[in-house]
Amino acid sequence: MKTRLSNIELKNPVIPASGTYGFGEEFSEVYDLNILGGISFKGTTREARYGNALPRIAECGGYGMINAVGLQNPGVEHVVAHELPRLRELYKGVVIANVSGFSIEDYVYTSQLMDQAPEVDIIEVNISCPNVHNGGMAFGTSPEAAAEVTRAVKAATRKPIYMKLSPNVTDIVSIAKACEEAGADGLCLINTMLGMRIDIRRRQPIIANRYGGYSGPGIYPIALRMVNQVARATSLPIIGCGGISSAEDVVEMMMAGASAVEIGAANLVTPTVCKDIIDALPDVMAANRIEHLSEIIGAVN
């Protein structure tokens with residue numbers, strides 16, 4: 001079940017996604033974290049953030065959920081000093097630092113501190129954040145802005161840089177190619193899609209932020225399509241995410257072109273889902289005559 005991201009080997013392709021796993025401590029009470037291929041810990045910004053006003057979550061039946069948490073986190077300096085040493089006590093595998101920012105300077109500062117942290121193996125750069133110097137448009141919605149962040153972070157770091165792409169765009173391939181040309185070591189896609197729910201009794205949006213990120217099984221076919229499009233257009237390793245909740249989903253996503261996967265919303269519904277998927281993978285591989293997962297990456301490309 002081994003796979004690779006850049007020059008880093010993972011014992012299996014299953015990685016809990018940032019934003020749904022905290023820093024792993026709560027889940028360590030449910031199962032041994034060391035069964036995981038990797039962990040992408042809670043999205044971190046330069047300064048501490050409380051996040052958006054409550055309520056922040058709206059359920060969408062069996063199709064997923066909308067969240068507008070707003071990158072609540074204690075800030076990069078606290079994370080590096082306190083959270084990462086604690087995480088390393090619990091987990092010895094591959095650690096992925098998810099970083100966010102509202103300016104190029106933010107991304108560079110936060111990425112540099114993560115680059116210097118011995119616990120971090122890969123830096124995952126979330127470019128779905130609004131650029132405060134450009135009217136609030138997300139960095140990941142234009143090839144030029146995505147490339148600018150990529151170049152700046154690459155120039156300031158040595159560890160592998162994986163750009164996490166937003167699906168809220170017309171052409172995700174052009175953005176992926178811009179990141180590749182700017183020096184990205186890999187890509188992660190997709191982030192959440194913009195969605196909304198309304199409380200029909202109050203005639204008001206359910207979440208205080210009005211709109212939020214839609215995740216869960218409902219976006220899986222879209223994520224699969226985008227991963228396949230990007231895999232066919234670039235030569236970068238891809239972490240596929242978006243609605244994955246079973247071992248079959250993992251195999252399908254890898255056939256689309258992903259080298260590893262991230263499990264997001266499913267962790268909030270079934271806390272053991274990552275363990276369940278890892279346990280089920282050998283049987284799914286055997287049933288589909290797969291000897292090594294590495295052989296199926298991009299099988300339908």
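The model is predicted: local features need pLDDT of at least 70, side-chain atom pairs count only at pLDDT 80 or more, and totals for chains, interfaces and linings use all residues. Residues are numbered from 1 along each chain as its sequence is written, and side-chain values use heavy atoms, with hydrogens and water left out.

**Salt bridges**

Side chains of opposite charge can pair when their charged atoms come close. Here a salt bridge is a side-chain nitrogen of Lys or Arg within 4 Å of a carboxyl oxygen of Asp or Glu. The whole structure holds eleven. The table gives some of them.

| Pair | N to O distance |
|---|---|
| Arg88 and Asp121 | 3.7 Å |
| Arg158 and Asp115 | 3.9 Å |
| Lys154 and Asp185 | 2.9 Å |

Helices (H or I, at least four residues) and strands (E, at least two) are DSSP runs, numbered from the N terminus. Arg88 sits in helix α1 (residues 76-90) and Asp121 in the loop between α2 (104-116) and β8 (122-126), so their bridge ties together parts 33 residues apart in sequence. Arg158 belongs to the loop between α3 (143-156) and β9 (161-164) and Asp115 to helix α2, so this pair links parts 43 residues apart in sequence. Lys154 lies in helix α3 and Asp185 in the loop between α4 (172-181) and β10 (186-189), so that bridge ties parts 31 residues apart in sequence. Salt bridges with shared partners also join Lys2, Arg4 and Glu9 into one network.

Burial is scored by relative accessible area: buried is under 20%, exposed over 50%, partly exposed in between (1.4 Å probe, protein chains only). Arg158 is exposed at 74%. Lys154 is partly exposed at 24%. Asp185 is partly exposed at 24%. Asp121 is partly exposed at 24%.

**Around Met163**

Met163 is in strand β9. Its relative accessible area is 0%, so Met163 is buried. Contact means heavy atoms within 4.5 Å. Leaving out residues up to four places away in sequence, Met163 touches residues including Val125, Ile127, Val149, Cys179, Leu187 and Cys188.

**Helix pair**

The axes of α5 (residues 220-233) and α6 (residues 247-256) come within 8 Å and cross at roughly 30°. That makes the two helices roughly parallel (angles under 35 degrees; over 145 is roughly antiparallel, 65 to 115 roughly perpendicular, the rest oblique). Axes are lines fitted to C-alpha atoms, for helices over the stretch in contact, with angles from 0 to 180 degrees between N-to-C directions. Tyr220, Ala223, Leu224, Val227, Asn228 and Ala231 in α5 meet Asp249, Glu252, Met253 and Ala256 in α6.

**Backbone features**

The Leu54 to Pro55 peptide bond is cis, with omega about -5°. Pro55 lies in the loop between β4 (38-40) and β5 (57-59). A cis bond also runs from Leu189 to Ile190, with omega near 10°. Ile190 is in the loop between β10 and β11.

Arg203 is not a glycine, yet its phi is positive, near 60°. Arg203 lies in the loop between β12 and β13 (204-205) and is exposed at 72%. Arg210 has a positive phi of about 75°, again without being a glycine. Arg210 is in the loop between β13 and β14 (212-215) and is partly exposed at 41%.
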